[in-house]
Amino acid sequence: MNLANALAAAADRLASSGIPEPRREASSLIANAIDRDRVFLIAHPEYVLTEREAAAVDEFITRRSAREPFQYIVGRQEFYALDFLVNSSVLVPRPETELLVQRAIDDLRMIDEPRFCEIGVGSGCISISVLKNVPTATAIAADISDAALAIAEANARRHNVLDRLELIRSDLFDDLPLGPYHAILSNPPYIPADEIAGLQPEVRDFEPVNALTDGSSGIEILRKIIHGAPHRLLEGGLLILEIGAGQFESVDRIFDRNVWRSVDVLLDLQQIPRTVIAIKK
């Protein structure tokens, strides 16, 4: 089978499975499967796939047709202009989380030798992106999942920041040093448990459920982080959290104004309150 025929057949299979933009995805999957770029597919439609390449293409298209996320199939995702390894042990990094990263970078750049903590490191995309852009910073990051910590370590090594990032297995703050820290960052599980069934199959059926929801209202882990953060932050320290759509008012009420100087929120590109920034008194 040549590339032109393979692309047409793959696009048809993806379309029948309800994949948006099936031809574009088919092209990207085939390019990854045969270790070529998409320009090669356009320039060489007559290229005949080897048996190994044809098998790889079939595997990738079969997995995507089952609605497995593209990022898990190819094993990586771009985030904040960096390439991160991902698999089903970690959430796929999302553009809205770059809001949290940008705010952290902006504030930590103004501090000499800042030290921050991340709760729920996952792929490491948050901590690593901050460390790459704040060369004087050091960090400690925690996750309850050993598999996630392994991916974060691989990504930290890949981006040459492992010497400035300590990774620890911990359930929230339980096994973390007290600090104190200039900032605490987290994109915690915040989707209400009763909304999981209605999510896209790529999310519902493939992403780690304990990284998506707290098994309850979606607010409980956020509440624990907000309550646990103050005595781990320096005066003027930042708590930066990602939250879900419609959660800001509930989250805002958790903050004790006797402890926190201010609580603000940033909107994402869809104008949804997405990133909470609180400053400790």
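**Figure 1. Buried residues of helix α6 in the predicted model.** In this predicted model, helix α6 spans residues 98-108. Its buried residues are L100, V101, A104, I105, D107 and L108. The elements that cover these buried positions include the strands β1 (76-79), β3 (115-119), β6 (181-186), β7 (233-242) and β9 (273-280). Helix α7 (125-133) also belongs to this cover.

Figure 2. The view shows the buried residues C125, I126, S127, I128, S129, V130 and L131 of α7. Because seven of the nine residues of α7 are buried, this helix is largely enclosed by the rest of the structure.

**Figure 3. Packing of α6 against α7.** Two packed helices are described by the angle between their axes and by the distance between the axes. For α6 and α7, the angle is about 35 degrees and the axes are 9 Å apart. The crossing of α6 and α7 is right-handed. On the α6 side, L100, V101, A104, I105 and L108 make the contact, and on the α7 side I126, S129, V130 and N133. Classified by residue type, the contact of α6 with α7 comprises seven nonpolar and two polar residues, with no charged residues.

Figure 4. A pair of aromatic rings is described by the distance of the centres and the angle of the planes. The model contains three aromatic pairs. One of them, F40 with Y47, is edge-to-face, with 5.3 Å from centre to centre and 75 degrees between the planes. F40 has a relative accessibility of 14% and therefore counts as buried, the cut-off being under 20%. For F255 and W260, the ring centres lie 5.4 Å apart and the planes stand at 85 degrees, so this pair is edge-to-face. F255 and W260 are both buried.

**Figure 5. R36 over the rings of F40 and Y47.** R36 lies over the face of F40, at 4.1 Å from the ring centre. The charged end of R36 also sits over the ring of Y47, 5.5 Å from the centre of that ring. F40 and Y47 themselves form an edge-to-face aromatic pair.

Figure 6. R64 is part of helix α4, which covers residues 51-65. With a relative accessibility of 5%, R64 counts as buried. Apart from neighbours within four places in sequence, R64 is in contact with L14, I19, E25, L29, P69, F70, I73 and E202.

How values were computed. Residues are numbered from 1 along each chain as its sequence is written. This is a predicted model: local features need pLDDT of at least 70, side-chain atom pairs count only at pLDDT 80 or more; totals for chains, interfaces and linings use all residues. Side-chain values use heavy atoms; hydrogens and water are left out. Buried means under 20% relative accessible area, exposed over 50%, partly exposed in between (1.4 Å probe, protein chains only). Helices (H or I, at least four residues) and strands (E, at least two) are DSSP runs, numbered from the N terminus. Contact means heavy atoms within 4.5 Å. Axes are lines fitted to C-alpha atoms, for helices over the stretch in contact, and angles run from 0 to 180 degrees between N-to-C directions. A crossing is left-handed if the near helix is turned anticlockwise from the far one by less than a right angle, and right-handed if clockwise. Ala, Val, Leu, Ile, Met, Phe, Trp, Tyr, Cys and Pro count as nonpolar, Asp, Glu, Lys and Arg as charged, and the others, Gly among them, as polar. Rings of Phe, Tyr and Trp (its six-membered ring) pair if their centres lie within 6.5 Å; planes under 30 degrees apart count as stacked, over 60 as edge-to-face and the rest as tilted. A charge sits over a ring if NZ of Lys or CZ of Arg is within 6 Å of the ring centre and within 35 degrees of the ring normal.
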